[in-house]
Amino acid sequence: MSESSAATSPAVATGRLVVQAVLRTDVGKVRSENQDFGSLTTPKEEAVSPAGGRLFIVADGMGGHRGGATASRLAAETVKAQYLGSETKDVATALQDALTRANARVFSESQTNPELRGMGTTTSALVIRGTQAWFAHVGDSRIYKVRGDGVKQLTEDHSLVATMVREGLLTAQEAETHPRRNVLQSSIGVGEEVEFDFRGPIELQENDTFVLCSDGLHGLVKENEIKDIAKLSIQQAANDFVKLALERGAPDNVTVIVARVVRADQLGEDTLIDEKESDRSLFEDTMKGHAIPSLRQNH
């Protein structure tokens, strides 16, 4: 049975509405280490952030043993630190600057450390502030929005097969089993500069639910299943997403964040776990036995 880590984030007031979120990750059934990394901001962090809002990040690293885990963690931590430390109150500017900085940081690390050469990572980051949301994205992790009986994939995959589907060279069904379906055309840290998708503000409604996930989940769980599971309580949904992926073999790491916008007076009695402790234990499990001095120097 694979080890897993989970974090439940306290609900944070955003005026009339609040946001509840759960992070869940698992190494899967085949991989020996977890090269995914998920993160979300805490109430205290939001309170001192000029841009404000809740920030959610899912990153899926690549680059072989050690490199992938380093890239995803470094990207997620840099996005979070840059966003929280930004002096602007404009979410769009803060979020875009955060991904730009993350790309530079991962690329620089890969160039100065021969063992990490060529590493990179997907990065999907979502900010929810009040009744609006923004996202920045590169790679093939995904962000879905579930509203009522509908589900919409907000992000586009930056992968070879996704481009072939968009150009009419492959059907969506053919893409699911294509031998090059894991080939990315864009990712954080592979080059000095990166182009990423950005959108916002997106107007929100009460009970809108967002699902951020790595391809270890969306590669096994269909869109209609994502819609149905996302209607459950956020903790049950997060657990069921990972459980379903594991039942289907989970050849890759599985990471998901489920975030829901609700009225303050409808808050549940969810058990709250400090996100920082869970993030740290997840990374220690992933990188056990691999010292990374440059990362420790930045703590």
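I began with a helix pair and noted that the crossing of α2 and α3 is right-handed. The model I am reading is predicted. Helix α2 covers residues 67-85 and helix α3 covers residues 91-112. I found an angle of about 145° between them, and their axes lie 8 Å apart.

Next I looked up which residues make this contact. From α2 I listed A71, L74, A75, T78, V79, Q82 and Y83. On the α3 side they meet V91, A94, L95, D97, A98, L99, R101, A102, R105, V106 and E109. Sorted by class, the contact has 12 nonpolar, 2 polar and 4 charged residues.

**Overall counts**

I then stepped back to the whole protein. I counted 10 helices and 11 strands. Of its 299 residues, 56% count as buried. I also checked how far apart in sequence the contacting residues are. Among contacts with a separation of 6 or more, 73% join residues 24 or more positions apart.

**Cores**

Which residues touch the most other members of the largest nonpolar core? They are L55, V79, Y83 and L95, in a core of 29 residues. I noted that β4 (54-62), α2, α3, β5 (120-129) and β6 (132-138) each supply at least two residues of this core. The most come from α3, which gives 8 residues.

I followed L95 further. Leaving out residues up to four places away in sequence, L95 touches L55, Y83, A125, V127, W134, F135, A136 and F198. There is also a second, separate core of 22 residues, and A230, V242, L244 and A245 are among its members.

**G53**

I looked at G53 in the loop between α1 (43-47) and β4. Is G53 buried or exposed? Its relative accessibility is 4%, so G53 counts as buried. Apart from neighbours within four places in sequence, G53 is in contact with T41, E46, V127, I128 and R129. I also checked G53 against G130, which is 77 residues away along the chain. Their C-alpha atoms are separated by 7.2 Å.

I went through the backbone angles next. The peptide bond from G200 to P201 is cis, with omega near 0°. P201 sits in strand β9 (residues 197-203).

N207 lies in the loop between β9 and β10 (209-213). With a relative accessible area of 41%, N207 is partly exposed.

I placed A250 in the loop between α8 (234-247) and β11 (254-263). What is the relative accessibility of A250? The value is 0%, so A250 counts as buried.

**Confidence**

The average pLDDT of the protein is 83, and 74% of the residues score at least 70. Over residues 269-299, pLDDT stays under 50. For that stretch the model has 55 contacts beyond four places in sequence. Where pLDDT is low, predicted coordinates should not be read in detail. I therefore leave the details of such stretches out of this entry.

Methods:
Residues are numbered from 1 along each chain as its sequence is written. This is a predicted model: local features need pLDDT of at least 70, side-chain atom pairs count only at pLDDT 80 or more; totals for chains, interfaces and linings use all residues. Side-chain values use heavy atoms; hydrogens and water are left out. Axes are lines fitted to C-alpha atoms, for helices over the stretch in contact, and angles run from 0 to 180 degrees between N-to-C directions. Helices (H or I, at least four residues) and strands (E, at least two) are DSSP runs, numbered from the N terminus. A crossing is left-handed if the near helix is turned anticlockwise from the far one by less than a right angle, and right-handed if clockwise. Contact means heavy atoms within 4.5 Å. Ala, Val, Leu, Ile, Met, Phe, Trp, Tyr, Cys and Pro count as nonpolar, Asp, Glu, Lys and Arg as charged, and the others, Gly among them, as polar. pLDDT is the predictor's confidence in each residue, from 0 to 100. A nonpolar core is a set of buried Ala, Val, Leu, Ile, Met, Phe, Trp, Tyr and Cys residues joined through side-chain atoms within 4.5 Å. Buried means under 20% relative accessible area, exposed over 50%, partly exposed in between (1.4 Å probe, protein chains only).
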